[in-house]
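Have your viewer open and your selection tool ready. We will go from stop to stop, picking out side chains as we go.

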Amino acid sequence: MDEEVELALQIPNDMEMVALAIPDTLLLDLDIYCDSLRRHPSCPELIRDLPMWAFRSNVIQASIRGALEMYAPDDDLEAELQFIFKWYKDE
């Protein structure tokens, strides 16, 4: 691909915004976890270069979706989660 690629934050029209209050101690644990994910050798560079707030938001979203998946399994949701986090494997 010869064209220059630009990265941008885009929010889909059907997206609802949600705010979460996270205690300091949990946020610190979450940031340590996110940092370890970003430093994992199989983490794609594109994901590694995300700002911490964006990376953290994606981890929180995946955690919530994973918890919901336990109660209502959905093949499309499972495939999406595997796509997002398939690079993170302990080998």
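A residue counts as exposed when its relative accessible area is over 50%, as buried when that value is under 20%, and as partly exposed in between. Keep in mind that this is a predicted model.

Start by selecting Arg39, which has a relative accessible area of 65% and is therefore exposed. Asp35 is partly exposed, at 27% relative accessible area. Both residues belong to helix α1, and because they are 4 residues apart, about one helical turn separates them.

Move on to Phe55 and show its ring. Arg38 lies over the face of that ring, 5.8 Å from the ring centre. If you look for aromatic pairs, the whole structure has 0 of them.

Next, colour Val18, Leu20 and Ile64, which make a nonpolar surface patch of about 300 Å². Leu20 is found in the segment before α1 (24–39), and its relative accessibility of 51% makes it exposed.

Are Cys34 and Cys43 buried or exposed? Cys34 is buried at 0% relative accessibility, and Cys43 is buried too, at 3%. The structure holds 0 disulfides.

Technical notes:
Residues are numbered from 1 along each chain as its sequence is written. This is a predicted model: local features need pLDDT of at least 70, side-chain atom pairs count only at pLDDT 80 or more; totals for chains, interfaces and linings use all residues. Side-chain values use heavy atoms; hydrogens and water are left out. A disulfide is a pair of cysteine sulfur atoms within 2.5 Å. Buried means under 20% relative accessible area, exposed over 50%, partly exposed in between (1.4 Å probe, protein chains only). Patches are made of residues with over 30% relative accessible area and no salt bridge: like charges are joined within 9 Å, nonpolar side chains (Val, Leu, Ile, Met, Phe, Trp, Tyr) within 5 Å. Accessible areas come from the Shrake-Rupley method with a 1.4 Å probe; for residues, only the protein chains shown count as cover. A salt bridge is a side-chain nitrogen of Lys or Arg within 4 Å of a carboxyl oxygen of Asp or Glu. Helices (H or I, at least four residues) and strands (E, at least two) are DSSP runs, numbered from the N terminus. Rings of Phe, Tyr and Trp (its six-membered ring) pair if their centres lie within 6.5 Å; planes under 30 degrees apart count as stacked, over 60 as edge-to-face and the rest as tilted. A charge sits over a ring if NZ of Lys or CZ of Arg is within 6 Å of the ring centre and within 35 degrees of the ring normal.
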